[in-house]
Structure formats: C-alpha cells, structure tokens
Amino acid sequence: MDIFSHIKSVIGIVLGLSIAKLLQGTVKLIQHPGRTKPYWVHLGWALYIFLLLTHFWWWEYRLKDLSAWSFQAYFFLILFITMYYTLCALLFPDDVKDYDDKWEEYFYSRKKWFFGVLAASFVADILDTWLKGKDYFLQATWEYPLRNSLHFVLCIVAMWVSNRKFHATLVIFFILYELSYIWRLFDTLS
C-alpha cells in the first residue's frame, strides 16, 4: 500500500463517520416524527454539510499528486476532516431534550459553536489547498480565495446574529452557492 492509500483510508474513516452522523440524525427525524420538532434551517445546514463532505472527498483526490508526505501534513488533514465531523455532531447531538425537543431552539443555542467551526474550516481549506503544492494553489481561480473569505466573514457574522430571516437566507445562499461552485469547477476529474 502506498502512503496516499494509507492516508486516504484514514481520512475516509472520519469522513464516513461524519456522513453516518448526518444520516443517522436525519433518519431519526423520519423514524420518530412526533418526538422532536424539526426546523428547516437546521436541516438546510445538514444538507450543506453533506455537500461539503462530498466536495471534500472529491477535492482530496488531488492529494495523490503529492510526492512527499510529512507527519505534519497528515496530522493537519486529520484535524481538517475532524472539523467536519464536529459540525455533524453539533448538528445532530444524541438528543435535544434540554431544548423541549425543538431543533430550532437547539440550533440557535449552539450557533456560535457551529459557525465558529465552519469558519475555521474555510481557513483550513486554504491551508489544505496550499498543501497540494504552490502550483496547485496558484492555479485556483480568483473565485476560490474570495469564496473562502466571504464564507468566513458570513460565518463570523452568523455567530452573533440571531435573526431567523438572516439564518434562513444564509443557509439558502450557502447551499445554492456550493451547488454552483461544485458544478462549475469540479464536474470532471483528469
């Protein structure tokens, strides 16, 4: 087994746990519809994180071109993917009994944590792109640093804003933009 296959398998395990956490939380809402009151903005963020996880796995394929690996690079990747697992765990805790079984109340009570980790993931994404090499980093379009910067700022703002309309608009924007971004930039792999 080459080193990339080894690293890819470890990343795949954490990614798989992340997707499982999202699916488990979503399916629990379907299995027990009367136990908790779902909140569409919360479910929108679950969809967005699912898109990010899928995008992450596609993006990480470029690591195959890395000729030399260090423990620091490997450890960074593990920390990066762990951010996504943390987002999934924040979206779907074991229960929301402390919030009268209402996902809306739970989501807003944990929004600082959720958006703080999401903001940090956009910074880590830039470091991850740099890890793939200077040439790879420099070939990114102007949209990439603008996207990450804007998403970072919006996440910081979302940590402090409690307005429900703002959060509804934000999740719709993030989902639509991510779908557009994936479609335009990553529709093929060479």
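Reply: What follows covers the cavity and then the nonpolar cores.

Reply: This is a predicted model, in which local features need pLDDT of at least 70 and side-chain atom pairs count only at pLDDT 80 or more, while totals for chains, interfaces and linings use all residues. Residues are numbered from 1 along each chain as its sequence is written, and side-chain values use heavy atoms, with hydrogens and water left out.

Me: ok, how many cavities of 30 Å³ or more are there?
Reply: There is 1, a cavity being a set of points on a 1 Å grid over the protein atoms alone where a 1.4 Å probe fits but cannot get out. The largest cavity holds about 100 Å³ of space, the volume being that filled by probe spheres set on the points, which are joined across faces, edges and corners.

Me: and which helices each supply at least two residues of its lining?
Reply: Those are H2 (40-59), H5 (111-131) and H7 (143-160), where helices are DSSP runs (H or I, at least four residues) numbered from the N terminus. H2 gives the largest share, 4 residues, and the lining, meaning residues with an atom within 4 Å of a point, includes Trp59, Asp125, Arg147 and Tyr181.

Me: switching to packing, which residues touch the most other members of the largest nonpolar core?
Reply: Trp45, Ile49, Phe115 and Leu118 do, in a core of 52 residues, that is, buried (under 20% relative accessible area, 1.4 Å probe, protein chains only) Ala, Val, Leu, Ile, Met, Phe, Trp, Tyr and Cys residues joined through side-chain atoms within 4.5 Å. The largest share of this core, 10 residues, comes from H3.

Definitions and conventions: On a 1 Å grid over the protein atoms alone, a cavity is a set of points where a 1.4 Å probe fits but cannot get out, and a pocket is an open set with protein on both sides within 12 Å along at least five of seven lines; lining residues have an atom within 4 Å of a point. Buried means under 20% relative accessible area, exposed over 50%, partly exposed in between (1.4 Å probe, protein chains only).
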